[in-house]
Amino acid sequence: MAALLFVAPASMVWATGTTTTVNLSSLSIEELSTIKITSVSRRTERLSDAAASIYVITGEDIRRSGAMTLPEALRLAPNLEVARVGTGPYAISARGFNNGIGNKLLVLMDGRTVYTPLFSTVNWDSQFVLLEDVARIEVISGPGATLWGANAVNGVINVITRSARDTKGTLVGASGGNRESAAYARHGGTLGEDGSYRVYAQRLNQAGSQLSNGKAVADGWQSGQLGFRADWGGGVTLQGDTYRAQAEPGPLGAPLLSGSNLLLRWTRQLADGSNVELQTYYDQTERDDPLTYRDQAATFDIQVQHGLRLGTAQRLLWGAGYRVAQGNTQTHFNSLNFLPQVFMPADRRLQWGSLFVQDEIAISPAVSVTLGIKAESNVYTGVEYLPSARFAWKLADNQLLWGALSRAVRAPARLDRDYYVYLALPGRPLMPVISGGPDFQSETANVAELGYRAQPSDTLSYSVTGFYSDYDKLRSGQPPPGALVQNMMEGSTHGVEAWANYQPTRDWRLSLGATALRQNLRIKPGSRDPTGPSALGNDPDHTWQLRSSWSITSRHQLDLAVRHVAALPSPVVPAYTAVDGRFNWRLSRDVDVALSAQNIFDAGGHAEFGAAASRSVFKRNIAFTATWRM
């Protein structure tokens, strides 16, 4: 079995044992509205009752899309900007500020924060998850800082995997295509009287991309991951993963990245009706690029929360947390690295402490108000206060009007305070180009939102949100030599995001989503920033997508998706429209085969991000998959 996992293209998936039956039919509109979510208020609630702009990607959505990686699955959320930079790297954000090191979006994996303290961003090329195990992905656009802390400025993504109780049996599989191939295996069983477990392994191979002139880019990846999860009926979850990935070799060798994590969570319902949750995890990562630097980081996190009712009309939630990260970043000085990036000091210990309280008050059976505040400390700027106020008005059982006022911050990362760049020319002393930002403060955002969600019939549901965000102390810099990182930009953004689900027949659903964004960002008086607001991100002023999910018969499914992204302004990236499709055929109760294709009508390829001379283009990708379930 282990040998099979590391074979590249393959075409069959085998499963034996007593695995939970997978429902291949789509959820009805009513079932979609009653999906239970946890990311908005850190407690279980119906999607239709959530006072936030939240979109839920279900595990069934992911399977029917044919996505092979987490970033590709995130394209299903209409309130996200997903731009592929290279084979592994992506630029992903919500409500603007999209760039390769986007730092205003908080991402969680089963409650574990996945971002690098070096940049306060997510390395999407190292976020591996077995998509077969994902129960849902909750995507919130808008601030979530009161509950989730700094960096939850423009959105929160929470990837939630299935309980081990739902993944019993043995599954071995592989998928192959002209650009990507994958192989994976999973086995689940019981532990004692009330426990369940699963173990898994997966392998992914991705071919390198190309420039528009056809020149190959050495950015292909090979990655492997092992993991496990165990759940007990008493409310205990223990899970962990370890991974290793290697890029195509460059002139000095192959970039490598690896990591491991272990998470323990305990929940308990108390006799008085209150509940307690304790979670702790350890996360270790390493990234080594022979051309630039090697970074090693170890993070320990522990947090506790307590929810209780105060009478019949008040629900209180409070919690505390502590996180510490120890990092070491060493620069590779070589003849090809003429602009070496140096983090000083090389060793840095970062600590965060937090305390939050949120009070949900029912004004009447139809109206509730939620007030909350979080105090979070960091080693750079001390204590930051993150308040929010929300209201929810249930106009009818199938209509919700909501609004929110929030303050969020993006706390400094090592990139802001400890980052230096030098010009290294043969025979000459190092010349400083960037000299860090010793006085860099937190970026701030004050955000107002107003939303409406409704299900006027059994066949239609929709959500519309308008927002206005006022930003201050945005990251800027002075021109070299000796440029300093500063907080000399400000401005605002506003826009609308909307989506709808329409089910004209029992077996056919249409999903439509769109966003519109306007930005007014500017340099503050006295700044000599050489790049201006374009350094903060490169965003389209509108996007839209349309997906069709059709269960032709009980054994045949056809899924089509069209997505459009408007042109990016600086650097200019042309607008593009991509069409993806997938056909699934259930050969028997246990066996499925599927043919999927991305960029069906784009044989020449399209670019999604970056400057014209160096950006990759992405062409048609076709893959074949087969699964066997018992």
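Through how many residues does a hairpin join E23 to E24? In this predicted model, local features need pLDDT of at least 70 and side-chain atom pairs count only at pLDDT 80 or more, whereas totals for chains, interfaces and linings use all residues. Residues are numbered from 1 along each chain as its sequence is written, and side-chain values use heavy atoms, with hydrogens and water left out.

The hairpin between E23 and E24 runs through two residues. Strands here are DSSP runs (E, at least two residues), numbered from the N terminus, and two of them are taken to pair if DSSP finds at least two bridges between them. Strand E23 covers residues 382-396 and strand E24 residues 399-410; seven bridges link them in the antiparallel sense. Within this pairing, Ala389 lies opposite Leu405 of E24. E24 is also joined to strand E27 (residues 443-457), again antiparallel, by 12 bridges. In that pairing, Gln399 faces Ala454 of E27.

An open sheet is formed by three strands in the order E20-E25-E26, with antiparallel pairing. Its edges are strand E20 (341-343) and strand E26 (431-435), each of which pairs on one side only. On average, neighbouring strands of this sheet are turned by 30 degrees against each other, direction ignored; the axes are lines fitted to C-alpha atoms, and angles run from 0 to 180 degrees between N-to-C directions. Strand E25 (residues 419-423) runs antiparallel to E26 and is joined to E26 by four bridges. Tyr420 is placed opposite Ser435 in E26.
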